Amino acid sequence: MLNEKPTLKSTGKALLYLLPMLVITIIFNIYPILKSFIMSFYTKYDFFKDIVQQWGWSNFTYIFHDPDFLLAVKNTLIFVVGVVPLTVIISLVVALLLNKIKWLSGLFRTVYFLPFVTSTVAIAQVWHWIYNSDYGLLNYFLGLFGVSPIAWLESPKYAMLALIIMSIWKSLGFNIVLFLVGLNNINERYYQAAEIDGANAWHQFTNVTVPLLSPITFLVSVNGVIGSFKVFDQIFALFNGTPGPSKSALTIVYYLYQKFYTEWKYGIAAASGVVLFFMILLVTLIQMWYSKKHVHY
Amino acid sequence: MKVKVAMVLRYVILVLGAIIMLMPFLWMVSTSLKTQPETVKIPPIWIPKQLQWANYVEAFKAAPFARYFLNSVLVTTITTAGQLFTSILAAFAFSRLNFYGKNIIFVIFLGTMMVPGEMLIIPNFVTLSKFHMIDTYWALIVPWLASFFTVFTLKQNFQSVPDQLYYAAKIDGASDWHFLWHVLVPISKSTITAVTVLQVIGSWNAFMWPLIVTNTENLRTLPVGLQAFTTDAGTNYALLMAASTFVILPMVILYIFLQKYIIAGISKTGLKG
């Protein structure tokens, strides 16, 4: 019972309930977190025998001097900047529109959310086909406006853009749902009060909706940044198991995958994972600090 | 008048947006029903002259998709059921029992939720190789049998159930075990359904982990099998789109029937970050 003090007996009983979860998460979540950090310092390592011959910082010095890793960090940041702000703005606009209509709003919601439930790998094949430079749908449409065919997936100039467009399309629905919840939670009275004070629709939006929605906007942005840091499946599927033409879509997780899976450099791969960890930690800390200070409730 | 114009404008924008959102799906299904020459026609044809249903049969036979399908169903079912079981038990302990170290354990686990899963792939791969589980069903299933995210969501829900029910059950002589399965779980049905559906979708669509831990063709799940098939299919887009359709379709059907729970689940869990 909740008001009771913990006893040895209650602890034993709780342990029994926790045991299955604890066994799995300790082996596959807690231990590997620690192990990742430790592995990032392995510089000579026999994977088969699990013997470490040498330790040191050299994995980190290696990645920070590796042009591929620096490119991966740069590409990841470009991806974040390309995806997150647009996703937030578009999904907010759609949520605002959906919030104002009754007829068919359920149907629209279903349609906008659909990409979220679909397999990234499968839908990336469809986009691969849409982006086809000779027979693709996108170049056909652009051709109607006089744009000459673009090699979306073959040209290093356009590959990242192609990836960003597909990713925005896929993530809109999730964010629309969150924004709709946020809009629903805004008390109708604020709008009534604003109306009495003579605020027009735009002023109601900037002075009521925007500040009251700021916690959700902030959350959606942070989730978007963290999710975008980890982009992998889209790239693998869209560029058929390559990081794009001339590595133009090489991201941090893709780099980790290559070092680990194709080159068997576990220490270096682990080091790049640690860098990813600290990037995400930084964003999370900024989130905590910022939401304490600036988000209006 | 102004109000009406605004309303019409809203619908126009929403319809245009909906067309863009649906376009890839329509294009996928349309292409999957074309003959090879029809797929490369310019301007593109949306409705083929004769629907080539045979493409689906051909695509299904072109790679061991039946096996991939079975693997996906098996892995998704077992991981979802297992994760639900371990999470329900743990959520009960966190929400209704008092024990030493409760807060510390809880905070540690909250902290782990922040760690990117991609980082854990390397040590988990090494661990599973030590257990000789790489390239077996075990590797696809065992690491996913628990999720603190699910525990956390269920714990929040269990806590919202009034204590009086617990005391009443106790007075009636019910054990904790009985209370959990006969009172708490049935009451929390909608949250449990929501986390279950989200887990099913996640597991069905999972790619990176199954890609890394399987080598044998017979162990591939649908996304990994489809990715491998793209090499074989080459430029035969009709077959490739047919294959993509049957990878996507089960989740779309699930979504259409359980939409309410999925949206509720996202609203609940997504907002807690």
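This section describes the fold of the two chains and the interface between them in a predicted model.

Chain A contains 12 helices and two strands. From the N terminus, the elements of chain A are arranged as α-β-β-α-α-α-α-α-α-α-α-α-α-α. The radius of gyration of chain A is 24 Å, whereas the globule rule gives 19 Å for 297 residues; the value is well over that expectation, so chain A is more spread out than a compact globule. The C-alpha trace of chain A spans about 75 × 70 × 30 Å along its principal axes.

Chain B, by comparison, comprises 14 helices and zero strands. The pattern of chain B along the sequence is accordingly written α-α-α-α-α-α-α-α-α-α-α-α-α-α. For chain B, too, the radius of gyration is 24 Å, well over the 19 Å that the globule rule gives for 273 residues, so this chain is more spread out than a compact globule. A box of roughly 75 × 70 × 35 Å, taken along the principal axes, is filled by the C-alpha atoms of chain B.

Strand S1 (residues 42-46) of chain A pairs with strand S2 (residues 51-55) of chain A in the antiparallel sense, over four bridges.

The contact between the chains draws on 98 residues from chain A and 97 residues from chain B. Interface size is often expressed as the accessible area lost when the parts come together. Between chain A and chain B, the buried area is about 9,000 Å², and carbon and sulfur atoms give 78% of this area.

Polar interactions across the interface were also counted. The rule finds 18 residue pairs in polar contact between chain A and chain B, with both residues at pLDDT 80 or more. On the side of chain A that touches chain B, helix H1 (residues 8-39) of chain A supplies the largest share, 23 residues. The residues on this side of chain A comprise 69 nonpolar, 19 polar and 10 charged.

Side chains of opposite charge can pair when their charged atoms come close. Over all chains, the count comes to seven salt bridges. Lys13(A) is located in helix H1 of chain A and Asp176(B) in helix H10 (residues 176-187) of chain B, so this pair joins two chains. The closest N and O atoms of the salt bridge between Lys13(A) and Asp176(B) are 2.4 Å apart. The count between chain A and chain B is one salt bridge.

Technical notes:
Residues are numbered from 1 along each chain as its sequence is written. Chains are lettered from A and ligands numbered from 1 in the order in which they are written. Side-chain values use heavy atoms; hydrogens and water are left out. Contact means heavy atoms within 4.5 Å. Buried area is the accessible area (1.4 Å probe) that two parts lose on being put together, summed over both. A salt bridge is a side-chain nitrogen of Lys or Arg within 4 Å of a carboxyl oxygen of Asp or Glu. A polar contact is a pair of N or O atoms within 3.5 Å; within protein, one must be able to donate a hydrogen and the other to accept it, and residues adjacent in sequence count only if both atoms are side-chain atoms. Ala, Val, Leu, Ile, Met, Phe, Trp, Tyr, Cys and Pro count as nonpolar, Asp, Glu, Lys and Arg as charged, and the others, Gly among them, as polar. Two strands pair if DSSP finds at least two bridges between them. The radius of gyration is taken over C-alpha atoms; the globule rule is 2.2 Å times the number of residues to the power 0.38.
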